[in-house]
Amino acid sequence: MYDYLNYIGGKWTGEGLEKIIVKNPATGEKVGTVPIAGEKETEQAIEAAHQAFADWSKRTAEERGNILKRFFELMLEYEDELAKLMTEENGKPYKEAMGEVRYAASFVEWFAEEGKRIYGRIVPGKSENHRIRVIKQPVGVVGAITPWNFPAAMITRKLAPALAAGCTFIVKPPEQTPLTAMRLAELAEQAGIPEGVFNVVCGNPEAISKAFMKDSRVRKITFTGSTEVGRLLMKQGAEQIKKMSLELGGHAPVIICDDADLNKAVDMAIASKFRNSGQTCVCANRFYVQSGIYEAFVDRFSKKVAQLKLGNGLEEGVEVGPLIDQSGYEKVERQVKEAIEKGATCVVGGKGIADDEKETYFFEPTVLAGVTADMEVMHIETFGPVAPIQKYETDEEAIRLANDTPFGLAAYVFTENVSRGTRLTEALDYGIVGWNDGVPSTAQAPFGGTKQSGLGREGGIEGIEEYLEVKYISLSI
Ligand code: NAD
């Protein structure tokens with residue numbers, strides 16, 4: 001059992017508070033507890049982060065980078081323990097959890113270096129006696145709210161650039177998976193991140209975000225989660241014009257052209273669709289397959305999907321774990337049922353395995369063929385292991401179908417023709433396009449969406465800009 005307290009101002013606090021009980025979604029067993037903090041505890045964290053900002057923001061980028069590098073090394077040293085904990089609280093298979101720990105750590109390494117390259121500019125003045133200097137400075141205290149589907153990476157993608165830029169940071173991890181966040185806080189402490197620079201407050205989401213929103217010392221909100229909550233936070237942040245980064249929902253289309261490399265398209269489609277049981281924001285959500293390759297793709301893809309092993313992610317060979325909870329399960333079940341009622345063919349899977357007593361919810365990896373645009377699965381984020389496939393004829397039709405959504409996070413194109421691939425990738429209204437690549441996300445590249453998928457970018461040289469203010473100094477000499 002992992003029984004954690006909140007981490008505020010370098011102290012582990014919250015003994016007397018009520019607890020959130022964290023359960024293993026694959027077995028229903030208790031994994032650990034964290035306190036339910038509210039406004040008061042969040043105010044303490046804001047005060048601690050505010051106090052710490054004075055020193056942390058003045059340190060050199062190299063000094064901050066060296067501490068972050070130590071944090072990165074510790075994450076790798078304890079990768080096995082972190083991955084097991086993540087599988088226990090999130091359900092994703094151990095191998096995937098290990099992949100996430102390394103991916104999460106890679107952001108810490110990347111931004112430890114990137115902090116040294118926060119360059120300003122000297123611009124020619126408007127007259128002989130005028131000088132223009134442009135410098136970049138940390139925004140201040142950052143309030144972060146993160147989701148359960150990537151318990152480590154959704155934190156480090158924000159924490160690492162914020163700290164590298166000189167900001168101090170408070171995160172509210174999700175109720176379902178707060179334990180990985182607490183273990184990260186222990187490693188951060190061990191790495192020498194000074195008290196108050198990184199704080200973790202678990203608890204009531206509304207109360208914690210209210211405290212962030214009403215305190216003018218919190219200068220920036222960074223959120224990953226649903227579009228619905230992102231919209232709410234944007235409204236709340238309007239009062240103080242908070243700076244905001246929002247990484248929200250998606251509904252990724254996959255276009256598979258007649259000239260695609262079939263084996264590659266199938267393998268990449270599986271990697272994109274079934275990772276984390278289909279519970280990722282960049283998961284392939286709908287497949288558009290051109291008529292000339294349609295039968296071959298459905299056949300080969302379905303055969304491979306049928307071989308995926310469903311179960312407890314800590315067991316050998318398991319490739320697809322449980323869904324996070326009952327409401328996630330019910331949404332998947334509803335979308336599959338509705339598609340079949342409207343005429344789709346269930347080629348593989350289609351059934352759920354729910355145990356309401358234990359509160360464990362699995363859904364078989366599923367392939368639906370003969371899907372049409374009017375089905376819910378083609379419009380609303382599924383967040384489950386379901387691959388609906390629709391046939392198309394022309395590139396224009398594929399682009400129209402793919403862009404017909406309020407979301408714009410990730411899209412995928414499979415073609416071996418460079419001219420066609422260039423045209424298609426440029427026409428897709430998405431922040432990320434994988435061309436013959438089902439898993440494009442990496443620390444070196446800017447990740448984020450267009451339309452209602454969010455604001456801002458995480459990763460790449462763009463990732464650190466989210467935590468910097470631009471100052472123009474006009475000097476008359
Ligand atoms: P969610 O929006 O329900 O929860 C995300 C976080 O917001 C959690 O910490 C939760 O406690 C908190 N929260 C919930 N209600 C709140 C409120 N009223 N005020 C303040 N905070 C509140 O989303 P989820 O179910 O945890 O995550 C799944 C969603 O996240 C999906 O839509 C997915 O696409 C999206 N997501 C996006 C990205 C991205 O980078 N774009 C990455 C991962 C997940």
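This briefing covers the ligand site, the pockets and the cavity of one structure. The model is predicted: local features need pLDDT of at least 70, side-chain atom pairs count only at pLDDT 80 or more, and totals for chains, interfaces and linings use all residues. Residues are numbered from 1 along each chain as its sequence is written, and side-chain values use heavy atoms, leaving out hydrogens and water.

**Ligand shell**

- The shell around the ligand has 29 residues. Thr-146, Glu-175, Ser-226, Leu-248 and Glu-381 come nearest. A residue is near if one of its heavy atoms lies within 4 Å of the molecule.
- By class, the shell holds 15 nonpolar, eight polar and six charged residues. Ala, Val, Leu, Ile, Met, Phe, Trp, Tyr, Cys and Pro count as nonpolar, Asp, Glu, Lys and Arg as charged, and the others, Gly among them, as polar.

- Glu-381 places a side-chain N or O atom 2.5 Å from a ligand oxygen. For Ser-226, the side-chain distance to a ligand oxygen is 2.6 Å. A polar side-chain atom of Arg-157 lies 3.1 Å from an oxygen of the ligand.
- A polar contact is a pair of N or O atoms within 3.5 Å; within protein, one must be able to donate a hydrogen and the other to accept it, and residues adjacent in sequence count only if both atoms are side-chain atoms.
- On its own, the ligand has 850 Å² of accessible area, and the protein covers 88% of that. Areas come from the Shrake-Rupley method with a 1.4 Å probe; for residues, only the protein chains shown count as cover.

**Largest pocket**

- A pocket is an open set of points on a 1 Å grid over the protein atoms alone, with protein on both sides within 12 Å along at least five of seven lines; a cavity is a set where a 1.4 Å probe fits but cannot get out, and lining residues have an atom within 4 Å of a point.
- The largest pocket has a volume of about 980 Å³. A volume is the space filled by probe spheres set on the points, which are joined across faces, edges and corners.
- Its lining counts 37 residues, with Trp-148, Phe-223, Gly-225, Ser-226 and Val-229 nearest the centre.
- α8 gives the largest share of that lining, seven residues. Helices (H or I, at least four residues) and strands (E, at least two) are DSSP runs, numbered from the N terminus.
- This lining divides into 15 nonpolar, 13 polar and nine charged residues.

**Second largest pocket**

- The second largest pocket has a volume of about 460 Å³.
- Its lining has 18 residues; Pro-93, Lys-95, Glu-96, Val-318 and Glu-319 are closest to the centre.

**Cavity**

- The structure holds one cavity of 30 Å³ or more. The largest cavity has a volume of about 40 Å³.
- Residues lining the largest cavity include His-251, Lys-273, Cys-281, Cys-283 and Glu-381.
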